[in-house]
Amino acid sequence: MGIYREITWNSLWKQNPGLVQLLGMCPLLAMSNSIVNAAGLGLATVFVMGMSNYAVALLRSFIPYEIRIPVFILIIAALVTVVDFAMNAWLHDLYLVLGIFIPLIVTNCIVLARVEAFAAKNAAVASLLDGAMMGLGLTMVLVTLGAIREFIGQGTLFSGIDMIFPAAKPLQVMSADYPGFLVAILPPGAFFVLGLLIAGRNWIEARAARRAAAKRGAQPAAATA
Amino acid sequence: MSDENLGAPAPRPPSVIRISSSTAVVLLLFTLAFTALMAATYQFTKDKIEANALEAKMELIGTVLPPSLYDNDLLKDSIELPPTPALGTDAPSHVYRARKDGEPAALVLEAVAPDGYSGRIELLIAVKADGRIAAVRVTSHHETPGLGDYIDPKKDKNKAKPWITQFDNVGFDEVKPEEFRVRKDGGKFDAHAGATISARAVTNAVRRALKFAVDNRERLFDEHHEQHEEHEGKEH
């Protein structure tokens, strides 16, 4: 497996930040009450993680080991601020929707975790990919979480999409008089659903491991036969 | 770098002071470089961001007051009020004065309902010169999604007649101040069952703001653009 494929697979499944590393839980749990919120935060995270990983990987030979953490935080915060300004100026409509998420990302420890664990030791392009893919892995979990919580809690999907695409309409999945299930929208719902997602991922992994073991067990037997 | 007093012959690792000062310099350089980057971006985007903010402000005002009702530049014809208990504000707020052909047409006030279910609910209220409300909009809130957030028409499931439009064209001549409450409190305004707190907070804030606007109408319209002192106390 090539290094880029390995990075991608690692980020999206093996070391998924939302389901395995369990890093960056605060924005994950706070913003995953609808698909649009979740996707907005997720995409902003992809962008910031890719960029900060790339910048740190380029500058890593100038950063003394002893002060790497403050320098990393400085770089991440400065880049986020630049993105915040630039989006506010030139992508104002998108900024109105995603703007509140951008400062939140600085506090997301997954960004610092990838900079420290990957970008500080690897080449620039690989780091860029690692950051973006880790962000994407988080986005996948966020959107799944958002979809389930929104569906159970409000009986809709894509509510608020008209803030991004004025022509688009949210999907009313349940009947219009669906009373809603408040727990799913409130923070406890995020814990419940995330717990189920983690359990689901572990179940798939365990099943795959069992099958692999069975295969290994069967193969020598077949060879001797 | 090696300590001469000890006279150690072998080359010694660099002293703590040496390491500290060199890393400090590196950190300082990084800080300077990235601060410069941020400052440059700020300078470069400042005008555009300000223009966007003004445009957004006008758009927001447009949601409570149709542009056909006035012909002056609202952003220029505004005064700043000090924190006013009647408006629920604890920081200076703006009042925009709409005029048509030089005659008072409407006041656009910023008000706050401090007692929402999850903290402050910020409102924009336009009161026409005849003492009736043109419209009310929630500009910022933290009410529970799917429960109390129907106070924001964008989140209200009733798209044809969002809850907040109940206040449109209402004045104290039609709804007496003591009836300007949600039904649960003996008033005239509906609230969704099980989510009265958000509606009650907004309704009470609108009543207080409307009273403030009606009581201080002349003063608010006449006050000169620059001066903004002694606003409190006189009302009620």
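This is a predicted model: local features need pLDDT of at least 70, side-chain atom pairs count only at pLDDT 80 or more; totals for chains, interfaces and linings use all residues.
User: What makes D101(B) exposed rather than buried?

Analyst: D101(B) has 8 other C-beta atoms within 10 Å. The cut-off for exposed is 12 or fewer. D101(B) is therefore exposed.

User: Where does D101(B) lie, and what is its phi?

Analyst: D101(B) lies in the loop between β2 and β3 of chain B. Its phi is positive, about 50°, although D101(B) is not a glycine. The two strands form a hairpin with 2 residues between them, and D101(B) is in that turn.

User: Why is L22(A) called partly exposed?

Analyst: L22(A) has 13 other C-beta atoms within 10 Å. Exposed needs 12 or fewer, and buried needs 20 or more. The count for L22(A) falls in between, so partly exposed is the class. L22(A) is found in the loop between α2 (17-21) and α3 of chain A. L22(A) also has a positive phi of about 50°, and is not a glycine.

User: How do you know that β1(B) and β2(B) pair?

Analyst: Pairing needs at least two bridges. Strand β1 (residues 78-81) and strand β2 (residues 93-100) of chain B have 4 bridges, so they pair. The sense is antiparallel. The bridge partner of S78(B) in β2(B) is Y96(B).

User: What makes β2(B) and β3(B) a pair?

Analyst: The cut-off is again at least two bridges. Here 6 bridges join β2(B) to β3(B) (residues 103-116), so the pair qualifies. These strands run antiparallel. V95(B) has L109(B) as its bridge partner in β3(B).

User: Which residues touch the most other members of the largest nonpolar core?

Analyst: They are A38(A), A44(A), V48(A), I75(A), L79(A), L142(A) and L145(A), out of 55 residues in that core. Several helices of chain A each supply at least two residues, including α5 (68-90) and α9 (124-154). The largest share, 14 residues, comes from α4(A).

User: How do you know that L79(A) touches V48(A)?

Analyst: Contact means C-beta atoms within 7 Å. V48(A) is among the residues L79(A) touches, so their C-beta atoms meet that limit. L79(A) also touches M51(A), S52(A) and A55(A), not counting residues up to four places away in sequence.

How values were computed: Residues are numbered from 1 along each chain as its sequence is written. Chains are lettered from A and ligands numbered from 1 in the order in which they are written. A nonpolar core is a set of buried Ala, Val, Leu, Ile, Met, Phe, Trp, Tyr and Cys residues joined through C-beta atoms within 7 Å. Two residues are in contact if their C-beta atoms, placed from the backbone, lie within 7 Å.
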